[in-house]
Amino acid sequence: MTAAQDTVLEVIAKISKKDKAAIKPEQELAADLGIDSPKGLQLLMDLEDKLHIEIGDDDAARMNTVNDILTYVAAKETA
């Protein structure tokens with residue numbers, strides 16, 4: 001796991017108020033972690049700030065699981 005992916009899990013843990021170690025890639029942000037629209041917006045802003053990336057609206061709309069975010073961040077790292 002890269003440092004950026006570790007940061008993703010830290011941010012998700014903070015927003016969802018779950019233990020970082022309990023967060024799994026297959027978990028859905030809304031259904032499993034309770035991340036609603038306001039929390040989702042906070043999640044995106046925190047990720048952009050901590051990772052120094054910009055997440056477009058279309059990309060954000062396709063992020064439904066933890067793995068979706070991890071995959072997106074990994075692609076940004078190699079771009």
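The structure is a predicted model, in which local features need pLDDT of at least 70 and side-chain atom pairs count only at pLDDT 80 or more, while totals for chains, interfaces and linings use all residues. Residues are numbered from 1 along each chain as its sequence is written, and side-chain values use heavy atoms, with hydrogens and water left out.

Thr7 sits in helix α1, which covers residues 3–16. Helices (H or I, at least four residues) and strands (E, at least two) are DSSP runs, numbered from the N terminus. Setting aside residues up to four places away in sequence, Thr7 touches Lys50 and Leu51, where contact means heavy atoms within 4.5 Å.

Turning to the overall fold, the protein has four helices and zero strands, and its elements run α-α-α-α from the N terminus on. A compact globule of 79 residues would have a radius of gyration near 12 Å, and the 11 Å of the protein agrees with this. That radius is taken over C-alpha atoms, and the globule rule is 2.2 Å times the number of residues to the power 0.38. The C-alpha trace spans about 30 × 25 × 20 Å along its principal axes. Of the 79 residues, 39% count as buried. When contacts between residues at least 6 apart in sequence are considered, 51% join residues at least 24 apart. The protein exposes about 4800 Å², of which carbon and sulfur atoms supply 50%; accessible areas come from the Shrake-Rupley method with a 1.4 Å probe, and for residues only the protein chains shown count as cover.

Leaving out neighbours within four places in sequence, Thr65 is in contact with Pro25, Glu26, Gln27, Glu28 and Leu29.

Charged side chains come next. The protein carries 9 positive and 16 negative side chains, and the centres of the two sets lie 6 Å apart. Lys and Arg count as positive and Asp and Glu as negative, whereas His and the chain ends are not counted; the place of a charge is taken as NZ of Lys, CZ of Arg, CG of Asp or CD of Glu. The count of salt bridges comes to four, a salt bridge being a side-chain nitrogen of Lys or Arg within 4 Å of a carboxyl oxygen of Asp or Glu.

One of these salt bridges joins the side chains of Lys20 and Asp6, at 2.8 Å from N to O. The pair links distant parts of the chain, with Lys20 in the loop between α1 and α2 (37–51) and Asp6 in helix α1, 14 residues apart. Lys20 is partly exposed, with a relative accessible area of 29%, and Asp6 counts as partly exposed at 26% relative accessibility.

Another salt bridge is formed by Lys14 and Asp46, whose closest N and O atoms are 2.8 Å apart. Lys14 lies in helix α1 and Asp46 in helix α2, so this pair ties together parts that are 32 residues apart in sequence. Lys14 is partly exposed, with a relative accessible area of 48%, whereas Asp46 is buried at 11%.

Asp59 and Arg62 also form a salt bridge, with their closest N and O atoms 2.7 Å apart. Asp59 counts as partly exposed at 25% relative accessibility, while Arg62 is exposed, with a relative accessible area of 53%. Salt bridges that share partners also join Asp6, Glu10 and Lys20 into one network.

Lys17, in the loop between α1 and α2, has a positive phi of about 60° although it is not a glycine. His52, found in the loop between α2 and α3, likewise has a positive phi, near 55°, in a residue other than glycine. Lys17 counts as exposed at 73% relative accessibility, and His52 is exposed with a relative accessible area of 71%.

Finally, Ala74 belongs to helix α4 and counts as partly exposed at 25% relative accessibility. Ala74 and Lys14 are 60 residues apart in sequence and 20 Å apart in space, C-alpha to C-alpha.

Technical notes:
Buried < 20%, exposed > 50% of the residue type's maximum accessible area, 1.4 Å probe, protein only.
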